[in-house]
Amino acid sequence: MRVFQMQRISAIALVVFLTIHMIVVHYPPFHIDFDQIIIRMADPLWKAIDIVFLFFVLVHALAGAWVVLTDVQRFSRLKRAFAGAAIVIGLIAFYYGTKTILAFQPPV
Amino acid sequence: MPETEIIVHDILIVGAGLAGSWAAMVAAKQGVQDVAVLSKIHPLRSHSGAAQGGIAGALNNVRPVAGGGPDGPLEQIPAGDAPIDSVDLHVFDTIKGSDWLGDQDAIEIMCREAIDVLYEYEHMGCVFSRTPDGRIAQRRFGGHSTPRANYAADWTGHVLLHTIHEQALRHKVKFYNEWYCMDLIIEDNVCRGVVAMDVLQGKIYTMRAKAVLFGTGGYGRAYKITSNAFANTGDGVAIAYNAGIPLMDMEFVQFHPTGLYKHGILMSEACRGEGGYLLNNKHERFMERYAKGKMELAPRDLVSRSEQQEIDEGRGVEADGQGIWLDLRHLGREKIMERLPQVRELAIDFVGVDPIDGLVPIQPTAHYSMGGIAADADGQVIADLAGTPVVGFYAAGEAACISVHGANRLGTNSLLDASVFGRRAGYAMARFVQNGAALQPVSGDPAQRSRARVQALLDNPGTELVEDVAQDLKTTMTNNCGIFRDEARLQQAMREIKVLQARFKNARTMDKSSRFNTDLLATLEADHMLTFSEVIVAGALARQESRGAHSRTDFPQRDDDRWLVHTMAHKNGADGPQLSFKPVTIDYDKYPPQERKY
Amino acid sequence: MSNPSTHPTATVRIQRFNPETDAKPHMQEFQVELKPGVTVLDALHEIKTHQDGSLTFRRSCRHAICGSCAMHVNGKNELVCNAPLKDRLDRNGRITIRPLPYLPIIKDLVVDRSSFWEQYLRVKPWLMPPADTPEKEFRMSPEEVAALNSAETCIMCGACYSSCQIVGLTKEYIGPHALLKAFLRVMDPRDAIPGARLADLDGADGVYRCRTIFNCIDACPKNLNPTLAIETLRKLAQKREAFEQARIERQKHLDEPIPAR
Amino acid sequence: MYTSSGFISFALRRLTGVALVVYLFMHLWVIGSVNAGPEAFDARLAFVQQPLFKLLEVALLAAVVYHAVDGIRIMVVHYTGITEYRKSMFYAVLAVSTLLVIAGGVPIIRFMLEG
C-alpha cells in the first residue's frame with residue numbers, strides 16, 4: 001500500500017476516532033484525574049477503541065512526518081532511513097502506548 | 001590562431017520548426033545515428049506552432065451539403081459516395097493561387113505527398129478534430145475549391161509542432177537549444193558545416209557536418225505590422241545569401257488579410273473559412289466588388305489588396321481609417337467556441353472585443369515569405385540557374401523557395417510545404433550520408449570570423465540604437481515595399497536601406513556581457529534584416545508586372561511574356577544583389593497559364 | 001503621432017541579475033509610457049530597446065502560443081505577451097516583474113528550465129502507436145478528441161511548474177506540465193502503452209507527489225487543469241489492468257468508422 | 001515564493017501536522033506516567049492543567065480542527081475531481097474551522113477562568 005493511501009485511510013479513521021476522543025475525554029473540560037479515567041477505562045471496549053485509535057494516529061503522524069521530510073530534495077537520499085526510523089519509532093510508541101492503555105486498571 | 005573546439009555531427013539541422021524537426025526525425029528514423037538540431041529558441045517556441053487554421057490535403061472526408069452555397073454547411077462524405085476532391089484539384093488550386101509562378105513538378109509532389117504526411121501525423125499522435133465517423137475534420141480555406149484544410153480546432157500548427165518534436169525526441173535526435181547560427185561554411189560549392197554561438201555561454205563554435213539543412217523560417221519581421229514572431233528575422237536566408245547561395249523570388253511577401261488591428265497578430269483564415277465576413281465602414285461586404293465568386297474566401301493576396309483599396313479610398317474603420325471589420329457574430333457562440341477558441345481569446349486580449357457579439361478590427365499583416373533559399377524538391381539547395389547542387393546543403397520550409405507557392409501561397413499550404421519538404425529533405429540527407437558522404441575538411445578557423453564580427457559589434461561605441469535602425473527599416477519596407485508598390489517608392493526604399501546599412505555601422509550594442517546576450521542577438525538579427533530587405537526591394541524593382549502578392553501600381557497587369565520567371569539573387573560584393581532569372585517549371589498541356597479570376 | 005507627454009507613465013520594477021557582475025539579484029525601476037493597448041511585454045521591449053539593452057528576457061510569438069515569456073508578475077505566474085500593462089498596475093502605477101520562481105536564474109528574467117524539460121522527457125511525451133497502422137487515419141470519435149482538448153493545448157511555458165511549491169522543494173517531482181502531457185498520452189485511444197505509462201507515473205515522484213495546492217491551475221495561461229489530470233491519472237493507475245485491457249479492446253476497432261448515434 | 005490560497009492552505013496543513021506530531025509524543029509521555037502509578041499520573045496531569053496549558057489546548061484544538069477539515073477538503077477533491085471551487089472551498093474550510101474552534105474553545109476558556 002502506498003503512503004498516500006495509508007494517509008487517506010488513517011485520516012478517515014481519525015476523523016471518527018478523534019471526534020469520539022475529544023468529546024469523551026476533553027469535554028466538558030472538567031478537571032480530569034486518574035479516578036475518572038479509570039472508571040471509563042475499566043470497560044475493555046474502551047481499551048480496544050483506544051488501541052485502534054493509537055494505531056491510526058501513529059500511522060498518520062509518522063507517514064505524514066515522512067512525507068514532509070522526503071518532499072525536501074536534499075533528504076530524498078535518506079528516504080529509506082526515514083522510513084526505517086518511522087517504523088521503529090512507530091513500533092516502540094505503539095508498544096508503549098498499548099502498555100499505558102492496559103495499565104489503567106480499576107482499583108482492586 | 002586560437003585552437004577552436006569543434007563539434008561534429010553527421011547531419012546538422014538549423015531551425016527546429018516543422019521543416020527542421022521533420023528532417024531530423026526522418027533522418028534519425030532512417031538510421032542516421034548522429035543527427036543534431038540547433039535552434040536559437042527552444043524548438044517548441046518555433047513559429048510553426050502559431051499556425052492556426054489547418055494543413056491542406058485532399059483526404060476527401062468532408063463535402064459541402066448540397067444546395068448550401070459557397071459558405072453553407074459541411075458534412076462528412078458517406079462511405080461509398082464519390083470523392084469530391086483530388087490531388088489534381090489541389091495542384092490546380094495551388095498553381096492558380098501561385099499566379100502560375102509555382103514550379104508545377106514540386107507542387108505535384110507536395111499535393112500528392114500531403115496525403116501520406118497527414119496520415120503519418122495522425123499515426124504519430126496528432127490530435128486532429130474529427131468528423132462524426134472519426135475521420136480527420138476538414139474546413140474551407142481561401143483559394144481552395146473544396147474543403148481540404150485538415151484541422152485541430154484553431155491550434156493546428158501547435159499540435160503538429162509538438163507531435164513532430166516529440167517524435168524527434170523519441171528517435172534520439174540531439175537538440176542544441178538556444179544556439180544561434182552565425183555563418184555557413186561553404187568551400188568549393190560543398191557545405192562543410194556552420195558556425196554557431198551557444199547563447200547561454202556566449203561561446204562560438206565551428207560545427208562540422210556531412211549535411212546541413214536550413215529550416216530557419218521566414219522574414220516577415222522586416223515589416224512593421226506583421227503576424228510573425230520576434231524570432232522570424234530571416235537569419236538563415238541572410239546567412240545563406242552572405243555565403244554566396246542564391247535567394248529566389250524574395251520580392252513575394254504575403255500579406256494576410258486578417259491581422260489584429262495595430263498588433264498584426266493573426267486571426268486565422270479559418271475565421272473566413274468558417275463563414276466570417278469582412279466589412280468596411282459602411283458595413284458592406286466589400287469583397288462582392290472584388291471576387292464575387294469566392295467573396296471572403298478568395299486568396300490572401302486578393303483579399304489583402306481589396307482591404308487596402310477600401311482603406312486607401314477612405315472606407316476603413318477605426319480612428320485612423322486603417323482598419324477593416326471582421327464579423328463573426330452570425331456564426332454563433334457555439335461554433336466560435338468549438339472551432340475558433342484561440343482566435344476569440346486573441347481578440348479579447350488584444351483589442352478587447354469578443355467576436356461573439358462584437359466586430360473585430362483587423363488589417364492586412366505581413367505574414368509569409370514565398371521567397372527564400374533556392375532548392376529543389378528534395379530540399380537540395382542549388383547554386384545557379386543550371387541547378388548545380390550545393391553539395392551537402394539543404395533547405396526546407398519557409399526559409400526555402402522550392403517554389404510551390406510561386407507569387408502567392410494558399411492558406412494551409414505552408415504547414416504542408418514545411419512538412420512535405422522537411423520530410424523529403426530528411427530522406428534525401430539520410431541517403432546522402434548513408435551512401436558514403438564524407439566529412440569535408442574545413443580550412444582555417446571559420447569561427448574566428450564570427451568571433452571578430454561579434455567583438456566588433458560589442459566594441460562599437462556608435463551613437464545609433466539598433467532598434468531605431470530596425471524600426472526605420474520596417475517603416476520603409478511597409479510604406480514602400482508593402483501591398484502596393486511602384487517604381488518611385490521602391491527606389492525610395494532602396495535609398496533608405498543603403499542609408500540604414502550605413503547607420504547600422506554606427507549602431508551600438510548596449511549589453512556588453514557574454515552570457516545570454518539577447519541584445520547582441522537583436523543586433524545580429526537587424527544586420528540580417530538589412531541584408532535580405534535589400535534583396536526583396538531589388539527583386540520588386542526589377543519585376544515590372546503585378547503577379548500574386550507583388551502588386552505594382554505602375555505595372556498592374558501580369559506579364560507572362562517577360563516575367564513568367566523566378567528571380568534569383570546572388571550576392572555581388574558590396575554592390576548588392578545581382579539578379580538573374582530562371583524559367584518556371586510548367587506543364588503546358590496540363591496546367592497552362594490562365595487568367596486568374598475568383 | 002501623439003505627443004509622448006500626453007501619456008501617463010508606469011513604473012516597471014524588474015528583478016535584475018547578471019551572473020557576471022552581481023552576487024545576488026536586485027530590483028531596478030524603469031519608467032515607460034502607458035500608451036493604449038500596451039502589453040507588459042511591450043513595456044519590457046521598450047525598456048530593452050531604448051533604456052537598457054542588457055535587460056534580458058525570452059519572448060517570441062507575442063500571442064500566447066509559443067510559451068517563451070512566462071514570468072512572475074505581481075506575485076503570479078503568467079505570460080507577459082497578452083497581459084495588458086494597465087491592468088497589472090497597482091494604485092501607484094507600479095508593476096513588479098520577477099523571473100519564474102523556484103528555478104535557477106540565468107540572467108535577469110531568464111530562468112534555467114533544464115529540470116522542466118528533463119521531467120518532460122521522463123514521461124516519454126511521444127505517442128507510442130499500435131504496431132499495425134491502418135492505410136488511412138485511426139478513427140477517433142469527436143468525444144475522444146474533446147477529452148484530450150484539456151491537455152493538447154499546453155504550450156510548455158513552465159508557468160504551472162514554477163508555481164508549484166513541491167517543485168520548489170524537490171526537482172524529483174515530475175511536475176504538473178509533464179503529468180498533463182502523460183495524461184494526454186494515456187487518454188489517447190491510439191496510445192499502445194497506457195499501462196506502462198501509468199506504472200511509471202504511479203510512484204512517489206509522480207501522481208503521489210502532488211499535494212493538491214492548485215497553483216498550477218491558477219497559473220496556467222491556457223486555462224488548463226493539471227490538478228484534475230493528476231487526480232484522473234491517480235485513479236486510472238489504481239485500475240491499471242482493466243484500463244489497459246479496455247485500450248486493447250478499443251484498438252481492435254481503431255480503423256473502423258465510429259458508429260452513428 | 002508563490003503565495004496563493006492553495007499555498008496558504010498547504011502551509012497551514014503542514015505546520016499543524018508537524019505540531020500535532022510533536023504534541024502526540026508529548027501526549028503519550030504524559031499519559032504514559034500511569035505506568036508509574038496514580039500519584040505520578042495525577043502530578044503530571046495537574047502540571048498540564050495549569051491555565052497556560054489550557055490556552056495551549058485551544059491552540060491544539062485549532063490545529064486539530066483545521067488539519068482535519070482541510071484534509072476533508074482535499075479528500076473531497078480527490079474523490080469528486082471538483083477543482084473549480086478551490087478558492088471558495090478553502091474559505092469554507094476556514095469558516096467551518098473557526099466555528100468549531102469557537103464552539104470548542106469557549107468552554108475551555110470558561111473553565112479556565114472559573115477555575
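Predicted model: local features only at pLDDT ≥ 70, side-chain atom pairs only at ≥ 80, totals over all residues.
**A walk through the chains**

While we're on chain B, have a look at helix α11, which runs over residues 413-434. From its first C-alpha to its last, this 22-residue helix reaches 31 Å, close to the expected 32 Å. Is α11(B) largely enclosed or largely open? Buried here means under 20% relative accessible area. By that cut-off 18 of the 22 residues of α11(B) are buried, so the helix is largely enclosed by the rest of the structure.

Now hop over to chain C. Its domain assignment gives domain 1 (4-111) and domain 2 (114-251). Taken over C-alpha atoms, the centres of these domains of chain C are 31 Å apart. Where they meet, 11 residues of domain 1 are in contact with 16 residues of domain 2. Together the two domains of chain C bury about 1000 Å² between them, with 60% of that on carbon and sulfur atoms. On the domain 1 side, C:Asn77, C:Tyr102 and C:Leu103 lose the most area to domain 2, together 51% of what that side buries.

What about polar links across this interface? Between domain 1 and domain 2 of chain C there are 6 residue pairs in polar contact, but 0 salt bridges are found.

Conventions:
Residues numbered from 1 in each chain as written. Chains lettered and ligands numbered in written order. Heavy atoms only, no water. Helix = DSSP H or I, 4+ residues; strand = E, 2+ residues; numbered from the N terminus. Expected span 1.5 Å × (residues − 1). Buried < 20%, exposed > 50% of the residue type's maximum accessible area, 1.4 Å probe, protein only. Domains from an automatic or database assignment. Contact = heavy atoms within 4.5 Å. Buried area = accessible area lost by both parts, 1.4 Å probe. Salt bridge = Lys/Arg side-chain N within 4 Å of Asp/Glu carboxyl O. Polar contact = N/O pair within 3.5 Å; in protein donor to acceptor, adjacent residues only side chain to side chain.
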